[in-house]
Amino acid sequence: MIRTRFAPSPTGVLHIGSVRTALFCWLYARHANGQFILRIEDTDKERSTQDNVNAILDSLDWLGLNADEDPVFQSDRFDRYHEIADQWLESGKAYRCYCTKEELDAMRNSQKQKGEKMRYNGHCRELSHGHNDKNYVLRFKNPRTGSVVVNDEIKGRVEFKNEELDDLIIVRSDGSPTYNYTVVVDDVDMKISHVIRGDDHLNNTPRQINMFDALGASVPSFSHIPMTLGEDGSKLSKRHGAMDIREYREQGYIPEALLNFMVRLGWSHGDKEEFSISEMITLFDIKDINQSASTFSPDKLIWLNQQHMMKAPIDSLVPLLEYQMERLGINGAHGPSINKVIKVYRERAETFEEMAKSCRYCFEDFDEIDEKAAKKHLRPIVLEPLQEVYDRFNALTEWCLDEIDACIDETVSKFDINMGKLGQPLRVAVTGGSSSPSIGLTVELIGRDRVLERLQKAIDVVKKRSGSN
């Protein structure tokens with residue numbers, strides 16, 4: 001059984017980089033009909049918060065990266081970590097280190113002056129007796145000879161000499177276990193077969209492999225993913241888009257589009273850019289991940305979001321627009337159907353936040369027409385055409401696109417003007433601005449009562465401007 005795990009720390013929220021790792025773990029498990037496990041690494045009691053735990057769970061739920069088991073919290077497993085540490089201490093695989101901070105600082109300064117690699121020198125490694133009156137940490141007794149080979153699924157064969165690795169602390173003086181130790185115990189207990197994570201963890205891997213060996217456990221397959229950079233080549237930061245992943249929900253992105261964007265950060269399948277979730281699962285292979293860093297492109301994300309907006313089943317998009325309308329305080333109870341709005345607006349909007357703002361006039365009245373648009377388009381010359389189209393709209397027995405377009409076309413023909421001479425003034429009158437979908441569709445969506453009321457107000461504005469009564 002292939003089992004992957006995503007193991008975030010609740011010292012912060014999820015960003016693009018961490019969610020991409022979760023996605024690769026999830027896809028690999030789904031592709032192989034395996035299992036995807038969520039582990040919350042909350043051993044840092046001071047910095048871990050419940051709010052961040054909730055943010056992690058909310059983000060993964062929104063994206064649909066569902067785990068196959070309930071989350072495992074490291075804070076619930078301290079007894080297990082101490083059990084293994086005691087066994088290692090008893091068997092000689094770990095030892096007590098009594099070195100003080102001052103002694104460790106002096107050791108590192110000496111190594112630095114000599115040009116040596118700074119690491120623990122093993123001073124307490126072979127002590128024949130302890131110092132019961134002194135604080136101590138537990139260190140793992142790393143092998144001194146030989147080497148560790150990491151057969152990485154992405155980077156290939158990487159070899160580390162044991163003499164370059166120091167004896168890592170596995171339990172601090174306050175009794176709290178350390179990262180490199182806990183993840184090994186967890187991966188063994190959780191039967192993790194494949195570890196997929198950022199390549200900043202590659203240097204931890206040989207140390208962890210030695211701990212797997214100390215446990216007499218099988219070593220999982222490792223895959224270290226290259227990092228994602230900003231467009232300027234620097235480390236991805238908030239200014240590039242590395243914000244709380246939930247901000248993308250607030251900005252109106254489709255979860256599937258965001259996942260499509262993230263899977264292409266370092267992974268490819270030919271020249272294909274657009275992927276559905278099912279296609280990602282079918283085609284994904286960790287061995288197809290590039291060895292070089294990927295680049296975060298906001299423009300690519302927007303483009304993919306719009307592609308998904310245009311091609312997804314409309315019913316699946318309704319909750320996304322309703323969410324944005326609720327955020328913006330737009331009451332959708334009095335207006336056109338959300339399905340129809342999406343059908344009309346989705347080729348004109350890049351996000352659902354933009355769509356919600358654009359279609360607001362379909363649901364709410366506006367107090368004033370845009371001054372610049374009114375000055376340009378609501379001129380005395382359009383008074384008679386506007387009045388004519390008002391009368392024709394008012395006389396309609398069926399409010400539908402064909403009838404509305406016929407009213408507009410007949411008015412244009414009667415006054416021998418081009419479509420723009422009537423279309424733009426009509427658009428400004430019924431929307432309050434100069435931009436909307438085709439005027440017929442816009443008028444149909446807004447509805448008879450609102451259109452007639454707004455047209456009358458626009459006609460009154462033109463009359464006032466022309467001095468007519």
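Buried means under 20% relative accessible area, exposed means over 50%, and partly exposed covers the values in between, with a 1.4 Å probe and protein chains only. By that rule D416 counts as exposed, because its relative accessibility is 70%.

The model is a predicted one: local features need pLDDT of at least 70, side-chain atom pairs count only at pLDDT 80 or more, and totals for chains, interfaces and linings use all residues. Residues are numbered from 1 along each chain as its sequence is written, and side-chain values use heavy atoms, with hydrogens and water left out.

**Backbone with positive phi**

D416 has a phi near 55°, a positive value in a residue other than glycine. Most residues other than glycine have a negative phi. D416 sits in the loop between α16 (401-414) and α17 (419-431). Helices here are DSSP runs of H or I with at least four residues, strands are runs of E with at least two, and both are numbered from the N terminus.

N33 is not a glycine either, yet its phi is positive at about 55°. N33 belongs to the loop between α1 (16-31) and β2. N33 counts as exposed, at 67% relative accessibility.

G216 follows α6 and has a positive phi near 70°. Helix α6 itself (residues 205-214) is largely enclosed by the rest of the structure, because 9 of its 10 residues are buried. The buried residues of α6 are T205, P206, R207, Q208, I209, N210, M211, F212 and A214.

**Salt bridges**

Side chains of opposite charge can pair when their charged atoms come close. A salt bridge is counted when a side-chain nitrogen of Lys or Arg lies within 4 Å of a carboxyl oxygen of Asp or Glu. The structure holds 35 of them.

| Salt bridge | N to O distance | Accessibility |
|---|---|---|
| D187 and R39 | 2.9 Å | D187 buried, R39 buried |
| D58 and R246 | 3.8 Å | D58 partly exposed, 26%; R246 partly exposed, 23% |
| E126 and R125 | 3.7 Å | E126 exposed, 59%; R125 buried, 10% |

Some bridges share partners. They join R5, R39, E41, R77, R80, E83, D186, D187 and D189 into one network.

**Aromatic pairs**

Rings of Phe, Tyr and Trp (its six-membered ring) pair if their centres lie within 6.5 Å; planes under 30 degrees apart count as stacked, over 60 as edge-to-face and the rest as tilted. The count by this rule is 11 aromatic pairs.

Y248 and Y253 make an edge-to-face pair, 5.6 Å centre to centre with 75° between the planes. Y248 and Y253 are both buried. W267 and F275 form a tilted pair, because their planes stand at 55°, with the ring centres 5.3 Å apart. W267 is buried at 0% relative accessibility, and F275 is buried at 2%.

Ring pairs also build a cluster. It links F78, Y81, W88, F140 and Y181.

**Contacts along the chain**

L383 lies in helix α15 (residues 383-395). L383 is buried, with a relative accessible area of 15%. Its C-alpha atom is separated by 8.8 Å from that of S466, 83 residues apart along the chain.

L283 lies in helix α9 (residues 277-283). L283 is partly exposed, with a relative accessible area of 25%. The C-alpha atoms of L283 and L27 are separated by 9.3 Å, and the two residues are 256 residues apart along the chain.

**A charged surface patch**

Which residues gather in a patch of negative charge on the surface? They are D367, E368, D370 and E371. Patch members have over 30% relative accessible area and no salt bridge, and like charges are joined within 9 Å. Asp and Glu count as negative.

D370 is in the loop between α13 (352-358) and α14 (371-377). D370 is partly exposed, with a relative accessible area of 39%.

Conventions:
Patch = residues over 30% accessible without salt bridge, like charges linked within 9 Å, V, L, I, M, F, W, Y side chains within 5 Å. Areas by Shrake-Rupley, 256 points an atom, 1.4 Å probe, with all protein chains shown as cover. Charge placed at Lys NZ, Arg CZ, Asp CG, Glu CD.
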